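This report covers ligand contacts and helix packing. Keep the model open while reading.

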Amino acid sequence: MSDAPTALPRVLSGIQPTADSFHFGNYLGATRQWVALQEEFEPFFFIADLHALTMEHDPKKLADRTRVAAAQLIAMGIDPERSAVFAQSHVPEHAELAWVMSSLTGFGEARRMTQFKDKTAKGGEGAASVALFNYPILQAADILLYRPQYVPVGEDQRQHLELTRDLAQRFNHRFKKTFRLPEAYILKETAKITDLQQPDKKMSKSASSPGGIIELLEDPKVSAKKIRSAVTDSETEVRFDEEAKPGVSNLLTIYSALTGRSIDDLEKAYAGRGYGDFKGDLADVVVEFVTPFRARTLELLDDRAELDAVLKSGAGRAREVASRTLADVYERVGFLPAQG
Ligand code: TYM
């Protein structure tokens, strides 16, 4: 590998700009860890706008949402001086490496990806795009280009990380050792934040009803109301038990993650007090968290030129790394040098 031996190990992750706001699952499951990891690693964080084309989309919204995503990452503590923050489409090496990786991926292997199965369950495979089928291969390319040690994501991305490792190994074996095998960085406690109305399902921008999902940029009063109306169970005891009490357990997870108080401590604090107090206090905690976050995001969105400059500089830093990896790959698969 061509990296200098003194270089910090890298961390990389991405998020799709497919909603007007990130939600609590995105934040607690993934992006909060991005903020924490940027200190000890060389960080690359991108907005997966190429992936946003895998489902039908509105071009005007995509551009806006890409900027809103960048603003939210900065508002939550990603420091663009430290971290390369960029749009995936600004680094053409992602699509280029995806083509090479697709040549190593079995058709059956791609068809077994649960996300493809889930997303085509309703409309059938025939209505799905080939891009949706290729989605995990592009994700593998996103990751492998940067040779990261860790990829901080939620539980739903584990299978994509496994495919990425398989493809990296296959390439290394078939050609020459080129890729580092990346590890999924998944925090057990917050790996799957669930829907407030259907606590046995994950909170999801595409599947959750408005009452089931807390969006970081919605009116904090609305978020508070959603917490107070979250589905619990017919008992009254605030106790963590994911099997028997998924709703209460999810609220405890959110409460603990936002305050740093342990689940144990929270269970004790609410012993004998019922769900009303518990939800009311959590609603306050949520409002306290989202109010300054939202203000900061809106402030950043007021200066589009600055956001665009952050994305441009991030893409420049990303390309320095990505182009070196791609050059190695092209040489190893036997492409003739383009010039010279
Ligand atoms: P996306 O945009 O769906 O979600 C972004 C991140 O949020 C996590 N997440 C959750 N975590 C816990 N509980 C939930 N309810 C929840 N919902 C979402 C996701 O696991 C993810 O980490 N395929 C990726 C984007 C991507 C990517 C990459 C990620 C493209 N290329 C390369 C890592 C590396 C995705 O759809 O994330």
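Which polar side-chain atom lies 3.2 Å from an oxygen atom of the ligand? That atom belongs to Asn-26.

## Basis of the model

This is a predicted model, in which local features need pLDDT of at least 70, side-chain atom pairs count only at pLDDT 80 or more, and totals for chains, interfaces and linings use all residues. Residues are numbered from 1 along each chain as its sequence is written, and side-chain values use heavy atoms, with hydrogens and water left out.

## Ligand surroundings

The ligand is surrounded by 28 residues, each with a heavy atom within 4 Å of the ligand. Tyr-135, Gln-139, Asp-142, Asp-156 and Ile-193 are the closest.

Polar contacts are pairs of N or O atoms within 3.5 Å; within protein, one must be able to donate a hydrogen and the other to accept it, and residues adjacent in sequence count only if both atoms are side-chain atoms. Gln-16 places a polar backbone atom 2.9 Å from a ligand oxygen atom. A polar backbone atom of Gly-154 is 2.9 Å from an oxygen atom of the ligand.

## Helix 3 and helix 12

Helices are DSSP runs (H or I, at least four residues), numbered from the N terminus. Axes are lines fitted to C-alpha atoms over the stretch in contact, and angles run from 0 to 180 degrees between N-to-C directions. The axes of helix 3 (residues 93-102) and helix 12 (residues 304-333) come within 10 Å and cross at roughly 25°. Helix 3 is therefore roughly parallel to helix 12 (angles under 35 degrees; over 145 is roughly antiparallel, 65 to 115 roughly perpendicular, the rest oblique).

The crossing is left-handed: the near helix is turned anticlockwise from the far one by less than a right angle, whereas clockwise is right-handed. Contact means heavy atoms within 4.5 Å. Helix 3 contributes Glu-93, Glu-96, Leu-97 and Val-100. Residues from helix 12 include Arg-319, Leu-326 and Tyr-330. The contact has seven nonpolar, one polar and three charged residues. Ala, Val, Leu, Ile, Met, Phe, Trp, Tyr, Cys and Pro count as nonpolar, Asp, Glu, Lys and Arg as charged, and the others, Gly among them, as polar.

## Helix 1 and helix 9

Helix 1 (residues 24-37) and helix 9 (residues 246-259) have axes that come within 12 Å and cross at roughly 50°. That makes helix 1 oblique to helix 9. The crossing is left-handed. Phe-24, Tyr-27, Leu-28 and Arg-32 of helix 1 meet Ile-254, Ala-257 and Leu-258 of helix 9. Six of these residues are nonpolar, none polar and one charged.

## Helix 8 and helix 11

The axes of helix 8 (residues 220-228) and helix 11 (residues 274-301) are 9 Å apart, at an angle of about 155°. Helix 8 is therefore roughly antiparallel to helix 11. The crossing is right-handed.

Key. Helix = DSSP H or I, 4+ residues; strand = E, 2+ residues; numbered from the N terminus.
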